[in-house]
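Try each task before you read its solution.

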Amino acid sequence: MANAKTILIFAILCILLMHELQPIAEAQEIDCKSKCEYRCSKASRHKMCIRACNSCCERCHCVPPGTSGNRDVCPCYAHLKTHGGRLKCP
């Protein structure tokens, strides 16, 4: 009988935990397309910038504010590299 009570309590705690974590997962959803459109608005190679930015945004769920710089706001975005070792994200 104690085993059944323990399992029931554990199940209830799991459900409560999942309910609490749901807003965190939803908060990470951002509009990469519009964020990258603004980020790359002044880039000389606009299409290439958009492609790289969208790729980085999908991985990191973050795009730094402004049209350049501010990389410290999104550490994941700032540290992604190309196969050649150069910074990937604009």
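**Exercise 1.** List the residues that R39 touches, not counting residues up to four places away in sequence.

Solution. Apply the contact cut-off: heavy atoms within 4.5 Å. R39 then touches C53, V63, P64, P65, G66, T67, S68, G69, R71, Y77 and P90, with residues up to four places away in sequence not counted.

A note on the basis. This is a predicted model, where local features need pLDDT of at least 70, side-chain atom pairs count only at pLDDT 80 or more, and totals for chains, interfaces and linings use all residues. Residues are numbered from 1 along each chain as its sequence is written, and side-chain values use heavy atoms, leaving out hydrogens and water.

**Exercise 2.** Which backbone oxygen does the side chain of R39 reach at 2.9 Å?

Solution. Look for a polar contact (a pair of N or O atoms within 3.5 Å; within protein, one must be able to donate a hydrogen and the other to accept it, and residues adjacent in sequence count only if both atoms are side-chain atoms). The oxygen at 2.9 Å belongs to G69.

**Exercise 3.** Where is S41, and what does S41 contact beyond its neighbours within four places in sequence?

Solution. Start with the place: S41 sits in the loop between α2 and α3. Helices are DSSP runs (H or I, at least four residues), numbered from the N terminus. Now the contacts: S41 meets H46 and T67, leaving aside neighbours within four places. Finally, the S41 side chain reaches the backbone oxygen of Y38 at 2.9 Å.

Technical notes. Helices (H or I, at least four residues) and strands (E, at least two) are DSSP runs, numbered from the N terminus.
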